[in-house]
Amino acid sequence: VMAGGILGRAHQGPEKFMSPVYVLDAVRTPRGKVRQGGGLSSVKPVDMVAALLKALEERAGFVPSAVEDVLLGCVTQVGDQGGNVARTAVLVADWPETVPGLMINRFCTSGLDAAALAGAKLGAGMNDLIVAGGVESMSRVPMLSDKGAYYADPDIAARAPFVPLGIAADLVATLDGITRQDADAYAALTQSRAAHARAKGYFDKSLIAIQPPEGGPAFTRDETIREGVTAENLAALDPSFAGLGAGGYDKLALARFDSCTEIRHIHTPGNSPAMADGASLVLMASEAAVARYGLKPRARLRAAATTSVDAVLMLTGGIEASKIAMKQAGMTAADIDLVEFNEAFAAVTLKFIRDMGFREDQVNVNGGAIALGHAMGATGTSLIGTLLDELERRDLSTGMVAISGGAGVGTAVIIERV
């Protein structure tokens, strides 16, 4: 059971599953800009996933027929992303027809939930070898184009209630006293970190080059990073969500939180997450599969938690899920070396750092979504790979990935190197 962050909660310490669950490998595409001519805009989502399945097979040395499921997160499951991309990619990759596929949508946490669900199935003894991951091509399938009732049906949106993510981020900033200067300074830092990491090759271990169908050079590096960004540059940008707020969303949010009288709109294109195209996968195994196939684990899954918070404040879900996961694992902030917290706007990340008691130099040390981009359904397992690579590079032990999503959902996982 995962709802409410429960995965074997009766136990204390590291044994959160009936049997150990391992992460064997992680791969991802580079992140492409969401626009015509972006690095991945001509690549179909199915082909992105199929390329990663083949890369996993080559790298990890397993037999695809041993894989018992492919779990894939995706937020906008229509058009090129409709019709069960997970199963279709298995067929396109020429994997055995015995390998099934499942699609998951929990908004921005979808890919991380795919990994958490894989952990639950493996830990319960249901399966021995699972591929989990996610995909999102917003160049080909624009965000909200599925016209879900939560945001597209005015009656449902009013009763839910729905507010745009940017309004929720500005509400977090207002309630927590986070200023525009704070947000811009953090955004400049994350751009600098990402540019440095790309230049040093810190992402290379997990990156898989993707060949565009039209030919030409392969797409090999994240293209959303902006080098040379400063807080002074960012200060010149206008707030992105003041107009939406004035159109009625501020009033809705303030009615929910009467402790404040106005919302300060501090988020701009420079301190908000960049949108991206991309895909990512992790190969996960039970202890029995590791022994049977002679596989070499890179990490062990220590905890996985999913929860929800107020639907208007929304973006604090990943913070609350982190608290639950740490409690499951019997850990405090002092026990965790590095954290990847998806940068769902600068203010939310600053709140996470403050509330959780982490140092700034532990969180998103190679940049986050403000610089690298957020390929919604793919982000969760992308971050698992980024975290694992950096733990190995620094010879550290334990890390956590946490993501907040629409309608207040949040998911967190903790991994430990083996």
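This is a predicted model: local features need pLDDT of at least 70, side-chain atom pairs count only at pLDDT 80 or more; totals for chains, interfaces and linings use all residues.
## Crossing helices

Two packed helices are described by the angle between their axes and the distance between the axes.

Take helix α7, which covers residues 180–200, and α12: their axes come within 9 Å and cross at roughly 90 degrees. Angles of 65 to 115 degrees count as roughly perpendicular, so α7 is roughly perpendicular to α12. Who does the touching? On the α7 side you'll find D182, A183 and Y186, and they meet A346, T349, L350, I353 and R354 of α12. Sort the residues of this contact by type and you get five nonpolar, one polar and two charged.

Now try a second pair. Helix α3 (residues 110–123) and helix α14 (residues 379–394) have axes that come within 5 Å and cross at roughly 70 degrees. That angle makes α3 roughly perpendicular to α14. G111, L112 and A115 of α3 make the contact with G380, T381 and I384 of α14.

In soluble globular proteins, nonpolar side chains tend to be buried together. In this model, the largest nonpolar core has 57 residues, and F352, F358 and I414 are the ones that touch the most other members. Helix α12 gives this core its largest share, seven residues. Another core, of 40 residues, lies apart from it; A55, C74, V85 and L295 are among its members.

What does F352 touch, once residues up to four places away in sequence are set aside? The list is I319, S322, V339, F341, F358, V363 and M400.

## S322, tucked into α11

One name on that list, S322, is worth a stop of its own. S322 sits in helix α11, residues 317–328. Is S322 buried or exposed? Its relative accessible area is 0%, and buried means under 20%, so S322 is buried.

Leaving out neighbours within four places in sequence, S322 is in contact with F352, M356, M400, A402 and A412. For a sense of distance, pick R35: S322 and R35 are 287 residues apart in sequence, and their C-alpha atoms are 33 Å apart in space.

## T190 and its polar partner

Back to α7, where T190 has its place. T190 is buried too, with a relative accessible area of 1%. Which residues does T190 touch, not counting those up to four places away in sequence? They are E343, G367, G368, I370 and A371.

## Q362, buried in a loop

Q362 belongs to the loop between α12 (346–356) and α13 (369–372). With a relative accessible area of 6%, Q362 is buried.

What is Q362 in contact with, if you ignore its neighbours within four places in sequence? The partners are A333, I336, D337, L338 and V339. For I336, there's a distance to look at: a polar atom of the Q362 side chain lies 2.9 Å from the backbone oxygen of I336.

Most residues other than glycine have a negative phi, and most peptide bonds are trans. A few spots here go the other way. D94 isn't a glycine, yet its phi is positive, at about 65 degrees. You'll find D94 in the loop between α2 (85–92) and β4 (101–104). Buried or exposed: which is D94? D94 counts as exposed, because its relative accessibility is 69% and the cut-off for exposed is over 50%.

K147 is another residue that isn't a glycine but has a positive phi, of about 55 degrees. K147 is placed in the loop between β5 (129–136) and α4 (149–152). With a relative accessible area of 63%, K147 is exposed.

From A160 to P161 the bond is cis, with omega near -10 degrees. P161 is in the loop between α5 (154–159) and α6 (165–176).

Notes:
Residues are numbered from 1 along each chain as its sequence is written. Side-chain values use heavy atoms; hydrogens and water are left out. Helices (H or I, at least four residues) and strands (E, at least two) are DSSP runs, numbered from the N terminus. Buried means under 20% relative accessible area, exposed over 50%, partly exposed in between (1.4 Å probe, protein chains only). A polar contact is a pair of N or O atoms within 3.5 Å; within protein, one must be able to donate a hydrogen and the other to accept it, and residues adjacent in sequence count only if both atoms are side-chain atoms. Contact means heavy atoms within 4.5 Å. Axes are lines fitted to C-alpha atoms, for helices over the stretch in contact, and angles run from 0 to 180 degrees between N-to-C directions. Angles under 35 degrees count as roughly parallel, over 145 as roughly antiparallel, 65 to 115 as roughly perpendicular and the rest as oblique. Ala, Val, Leu, Ile, Met, Phe, Trp, Tyr, Cys and Pro count as nonpolar, Asp, Glu, Lys and Arg as charged, and the others, Gly among them, as polar. A nonpolar core is a set of buried Ala, Val, Leu, Ile, Met, Phe, Trp, Tyr and Cys residues joined through side-chain atoms within 4.5 Å.
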